[in-house]
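User: I have a structure open and would like to go through it in plain words. Can we start with the helices?

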Amino acid sequence: MSPTARRSLAVLALVAAFAAARGPIHRATFHLPVSNDDAILLLMGRHVLGGELATTLWNQPYNGALDAYLLAPLLAVVSPQAAYRLYQLLGAALLVGLVFLLARRLGGPAAG
């Protein structure tokens with residue numbers, strides 16, 4: 001098998017593993033209401049779209065406002081519910097990709 005075919009197969013396996021591991025939970029929760037903490041991020045993102053700057057979470061003593069800035073572009077094009085769920089999916093996919101790259105870097109191609 002050529003290296004390109006092997007790499008393509010590895011990417012397909014990674015996508016399949018992601019879908020198998022995260023797909024059921026996202027399918028079950030996609031249409032559920034968001035929590036109060038998540039709703040604060042969505043409200044902050046909406047205010048960011050309106051030009052307001054945010055540096056700390058509203059009424060939350062932890063975390064920062066980065067999520068609100070990252071959610072703002074999604075809020076401009078889809079509903080708040082869909083924006084948050086898509087943001088979760090993107091974050092999960094990026095985490096799996098990062099772990100893959102780190103494993104490959106530390107343990108070689110077989111570890112990746």
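User: How far apart are the end C-alpha atoms of α2?
Analyst: They are 20 Å apart, which agrees with the 20 Å that its 14 residues should span at 1.5 Å a residue. The expected span is 1.5 Å times one less than the number of residues. Helices here are DSSP runs of H or I with at least four residues, strands are runs of E with at least two, and both are numbered from the N terminus.

User: Where do these coordinates come from?
Analyst: This is a predicted model, in which local features need pLDDT of at least 70 and side-chain atom pairs count only at pLDDT 80 or more, while totals for chains, interfaces and linings use all residues. Residues are numbered from 1 along each chain as its sequence is written, and side-chain values use heavy atoms, with hydrogens and water left out.

User: Back to α2. Which of its residues are buried?
Analyst: D38, I40, L41, L42, M44, G45 and V48 are buried in α2. Buried means under 20% relative accessible area, exposed means over 50%, and partly exposed is in between, with a 1.4 Å probe and protein chains only.

User: What do they pack against?
Analyst: The buried residues of α2 pack against α3 and α4. Just after α2, G51 takes a positive phi of about 100 degrees.

User: Pick one of them. What is L41 in contact with?
Analyst: Leaving aside neighbours within four places in sequence, L41 is in contact with L57, D67, A68, L71 and Y84. Contact means heavy atoms within 4.5 Å. L41 has 9% relative accessibility, so it counts as buried. L41 and D67 are 26 residues apart in sequence, but 6.7 Å apart in space, C-alpha to C-alpha.

User: Now α4. What span should it have?
Analyst: Helix α4 covers residues 80-107, and its 28 residues should span 40 Å at 1.5 Å a residue. Its end C-alpha atoms are 40 Å apart, which agrees.

User: Which residues of α4 are buried, and what covers them?
Analyst: A82, A83, Y84, R85, Y87 and A92 are buried. The cover includes α1 (3-29), α2 (36-49) and α3 (66-75). Just after α4, G108 takes a positive phi of about 90 degrees.

User: Why does A92 count as buried?
Analyst: Its relative accessible area is 13%, so A92 is buried. Leaving aside neighbours within four places in sequence, A92 is in contact with F18 and R22. A92 and R7 are 85 residues apart in sequence and 21 Å apart in space, C-alpha to C-alpha.

User: And M1, buried or exposed?
Analyst: M1 is exposed, with a relative accessible area of 68%. M1 sits in the segment before α1. Beyond its neighbours within four places in sequence, M1 is in contact with R6 and L9.

User: Zooming out, how many helices and strands does the chain have?
Analyst: The chain has 4 helices and 0 strands, and its elements run α-α-α-α from the N terminus on.

User: What radius of gyration does the chain have?
Analyst: The chain has 18 Å, whereas a compact globule of 112 residues would be near 13 Å. The radius is taken over C-alpha atoms, and the globule rule is 2.2 Å times the number of residues to the power 0.38. The C-alpha trace spans about 55 × 30 × 25 Å along its principal axes.

User: How much of the chain is buried?
Analyst: Of the 112 residues, 22% count as buried.
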